[in-house]
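The points go through the strands first, then the helices, then the contact between the chains.

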Amino acid sequence: MKTKIAIEKLSYFYGDHQVLKEIDLNIEANATLAVIGPAASGKTTLLHAINRLNDELDDARMQGRIVLDDTDTKTLEPTQLRKRIGMIFANPVVLPGSIYFNLAYGPRVWGIRNRRKLSDLVEWSLRRAILWDEVQDRLSDPVSSLSGGQQQRLCIARTLANEPEVILMDEPCSGLDPISTAKIEEAMRELKKDYTIVIVTNNTKQAARTGDRVAFFLGGELIEYGSPEQVFTAPKDRRTDDYIRGRFG
Amino acid sequence: MRIEPRAEQRIMRVALAGLAALTIAVLFFIIGFILKNGLPHVNLAFLIGTPERMGKEGGILPMIVGTFYLVLVAVAIATPLGVGSAIFLHEYAKEGWLVRVVRFGIDCLAGIPSIIFGLFGFVLFVITLGFGWSILSGGLTLAFMILPTIIRTSEEAIKAVPGAYRQVSKSLGAGKWQTIQRVVLPNAFPGILTGIILGIGRSVGETACVIFTAGSSLQMPASVFAPTRSMAVHFYILAREGISMEKAFATAAVLILLILAINLSAYYFMHRFIARLR
């Protein structure tokens, strides 16, 4: 399998506090990597390191390399990098305004003015996020009229409209009911054909359902990496076993 | 002695409602008093006429126009300066001693009596820069006076925009300025507008700093370099010099109605804007 993102000896600090410890990890292209681990294990920081979302924080410091398609991400313009690597947050954050406004936000930032092209992008991304049928006749309605699950799919569509290559998801279903969660996972199964997905989740069952590869983090260290079958049925490390059996976390 | 709890609730409720009612009553009393004494002397000829015999007779059109120009100049200068400073303070500047000193300075500026602003404007704009008694000098001085209000309210409004919006915008590849322009400012707009309205309210009613810098000419101002007399100054001179109490009250009534109209229309537009955003 082709590697989309190669993480080499990645350490991450907030001030004196080390959050990630020398992580080596290859993220395969057109597959879903599920990152599991208890709270404060460095999962979210991993995502923020990949798309450099913490760049402007004063006390955040990174060591090691993250390579996207043979390019060190440090050499890329942060805005360019974030266009290529989209991000879905734990709480669906919709921008005040219409559904259309939210979806066209990224493309407009990137200079697309043509109305025709914008509408095409909006429809295309809504279809891919399995939201089109529910909102197609009310694109100019305020986003607050959508349910929580719809808002999260809107956030996914908004990221897709930006035409990224990688999608990072930070516990995207943590506040959602099972039906909404199922819809998002359905969308994810379709999306990985064209995108590389990294999903951070607290839910080991979700990791098993969606991941082609699973990485287990504990205390800022990568403890185990492998296929879901291997990690969940025959973990090599005792701590992985304890975690997935629910002994802690 | 122990008061029965339900009686205590009732007593406090009535007492607090009374205090609130008293505040409103004072406001209505002042407005009512001015309007009762002033409105009978307000008519169309007063509104569109020019003053004669030092204002003892005639109307106040030049003062209405002069007030309008003064406020326009003040707001046109103070808004970009104030909103720009607020954006810098909250979005760009790193929280440190320098920012704290700037903030402290802004608060001090807000506490300076308006007559000191007047004196400052007189020395700087009227004398040193040679603008003379003019709408420009008056407007610039007023702009400095309302600047702290606009900076502070704008900063609060910008601060109130959730950080998550900025993060989402950033995660979609927007640069800092793009995020400010497309997400922060539109969402902070109602709050920023409130600051501008407060600024308009203060400058419309300002006397001390205008009399020093814009003069007290009775002529219709021909340009921003011409001196003028604002409605508040006109009212002050009419009453102080004992020229005409009737005309003084009439001017005050028009001034109060004008301020009321500004506030109401601003709130109307603000609500429409918020409704469109939701």
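1. Strand 1 and strand 2 of chain A. This is a predicted model, and the note should be read with that in mind. In chain A, strand 1 (residues 3–14) and strand 2 run antiparallel and are joined by eight bridges. One position to look at in this pair is A:Tyr14, which stands opposite A:His17 of strand 2 of chain A.

2. Strand 9 (residues 213–218) and strand 10 (residues 221–226) of chain A run antiparallel, with five bridges between them. Within this pair, A:Ala215 is placed opposite A:Tyr225 in strand 10 of chain A. The two strands form a hairpin with two residues between them, and A:Gly219 in the turn has a positive phi of about 55°.

3. A helix pair in chain B. The axes of helix 3 (residues 61–92) and helix 8 (residues 176–204) of chain B come within 9 Å and cross at roughly 140°. Angles over 145 degrees would count as roughly antiparallel, so at this value helix 3 of chain B is oblique to helix 8 of chain B. The crossing of helix 3 of chain B with helix 8 of chain B is right-handed.

4. What makes that contact. Helix 3 of chain B contributes residues including B:Val71, B:Val75, B:Val83 and B:Ile87, and helix 8 of chain B contributes, among others, B:Trp177, B:Ile180, B:Ile192 and B:Ile196. Sorted by type, the residues of the contact between helix 3 and helix 8 of chain B are 13 nonpolar, three polar and two charged. B:Glu91 of helix 3 and B:Lys176 of helix 8 of chain B are also in the contact.

5. The interface. Chain A puts 26 residues into the contact between the chains, and chain B puts in 19 residues. About 1,900 Å² is buried between chain A and chain B, and carbon and sulfur atoms give 61% of that area. On the chain A side, A:Pro96, A:Tyr105 and A:Val109 lose the most area to chain B, together 29% of what that side buries.

Note on methods
Residues are numbered from 1 along each chain as its sequence is written. Chains are lettered from A and ligands numbered from 1 in the order in which they are written. This is a predicted model: local features need pLDDT of at least 70, side-chain atom pairs count only at pLDDT 80 or more; totals for chains, interfaces and linings use all residues. Side-chain values use heavy atoms; hydrogens and water are left out. Two strands pair if DSSP finds at least two bridges between them. Helices (H or I, at least four residues) and strands (E, at least two) are DSSP runs, numbered from the N terminus. Axes are lines fitted to C-alpha atoms, for helices over the stretch in contact, and angles run from 0 to 180 degrees between N-to-C directions. Angles under 35 degrees count as roughly parallel, over 145 as roughly antiparallel, 65 to 115 as roughly perpendicular and the rest as oblique. A crossing is left-handed if the near helix is turned anticlockwise from the far one by less than a right angle, and right-handed if clockwise. Contact means heavy atoms within 4.5 Å. Ala, Val, Leu, Ile, Met, Phe, Trp, Tyr, Cys and Pro count as nonpolar, Asp, Glu, Lys and Arg as charged, and the others, Gly among them, as polar. Buried area is the accessible area (1.4 Å probe) that two parts lose on being put together, summed over both.
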